[in-house]
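Please open the structure in the viewer and keep the selection tool at hand.

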Amino acid sequence: MNTVRVMSKNAAYQKFEVLRTNRNKRYRYGEFLVEGVRNINQAIRNGWQFTSLLYSPETPLSRWAQEVLDTVSCDTHYQLSANLMQELSGKTDTSELLAILRISRKHCAEFVSTYSSGDTLFSCC
């Protein structure tokens, strides 16, 4: 696993933004963005493949977020500036951790159909 710092709206950041907002690009990249403790925990429990985790080293992480960073296997940890995390987060209170998951057609229908809370989940299919 490697760590990449993102401090400007470079190509990596633009990809995250596109994964958040553009269904066609999610399909093209085969990935989607997940935000929220409940959603990330659900993805872990259901065996989704994490490709990246995004967080800001400028913001203290909760025990939960640090545990996810330490235990979830993924290719890359992206360290974003606090401002970029705030812009990327779809919540009023900026999320401390965002995840990029690989689209799995097998899991997609199950994950979306079992999801019923008010947290943000970005549709992958």
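Begin by selecting strands E3 and E5, which run antiparallel and are joined by four bridges. In this predicted model, Leu 54 stands opposite Leu 98 in E5. Is E5 enclosed by the rest of the structure, or open? Four of its five residues are buried, so the strand is largely enclosed.

**The nonpolar cores**

Now select Ile 40, Phe 50, Leu 53, Leu 97 and Leu 101. Within the largest nonpolar core, which has 17 residues, these touch the most other members. At least two residues of this core come from each of E2, H3, E3, helix H4 (63–71) and strand E5 (98–102). Centre the view on Leu 53 and display its surroundings. Residues up to four places away in sequence aside, Leu 53 touches Val 68, Leu 69, Val 72, Cys 74, Thr 76, His 77, Tyr 78, Leu 97, Leu 98 and Ala 99. Another core, of 13 residues, lies apart from the largest one; Val 6, Leu 19, Leu 88 and Ile 100 are among its members.

Select helix H3 (residues 37–45) next, in which Asn 39, Ile 40 and Ala 43 are buried. Viewed down the axis of H3, its buried residues fall within an arc of 95°, so these too line one face of their helix. Just after H3, select Gly 47, which takes a positive phi of about 75°.

**Aromatic rings**

The next stops concern ring pairs. A pair of aromatic rings is described by the distance of the centres and the angle of the planes. The count of aromatic pairs comes to two. Select Phe 16 and Tyr 78, an edge-to-face pair with 4.8 Å from centre to centre and 70° between the planes. Phe 16 lies in helix H1 (residues 11–21) and Tyr 78 in strand E4 (residues 76–80), so the pair ties together parts that are 62 residues apart in sequence. Phe 16 counts as buried at 3% relative accessibility, and Tyr 78 is buried with a relative accessible area of 16%.

Move on to Phe 32 and Trp 48. Their ring centres are 5.2 Å apart and their planes at 80°, so this pair is edge-to-face. Phe 32 belongs to strand E2 (residues 31–35) and Trp 48 to the loop between H3 and strand E3 (50–55), so the parts tied together are 16 residues apart in sequence. Both Phe 32 and Trp 48 are buried.

For the last stop, select Lys 15 and Tyr 29. The charged end of Lys 15 sits over the ring of Tyr 29, 4.8 Å from the centre of that ring.

Terms used. Residues are numbered from 1 along each chain as its sequence is written. This is a predicted model: local features need pLDDT of at least 70, side-chain atom pairs count only at pLDDT 80 or more; totals for chains, interfaces and linings use all residues. Side-chain values use heavy atoms; hydrogens and water are left out. Buried means under 20% relative accessible area, exposed over 50%, partly exposed in between (1.4 Å probe, protein chains only). The arc is that of the directions from the helix axis to the C-beta atoms. Rings of Phe, Tyr and Trp (its six-membered ring) pair if their centres lie within 6.5 Å; planes under 30 degrees apart count as stacked, over 60 as edge-to-face and the rest as tilted. A charge sits over a ring if NZ of Lys or CZ of Arg is within 6 Å of the ring centre and within 35 degrees of the ring normal. A nonpolar core is a set of buried Ala, Val, Leu, Ile, Met, Phe, Trp, Tyr and Cys residues joined through side-chain atoms within 4.5 Å. Contact means heavy atoms within 4.5 Å. Two strands pair if DSSP finds at least two bridges between them.
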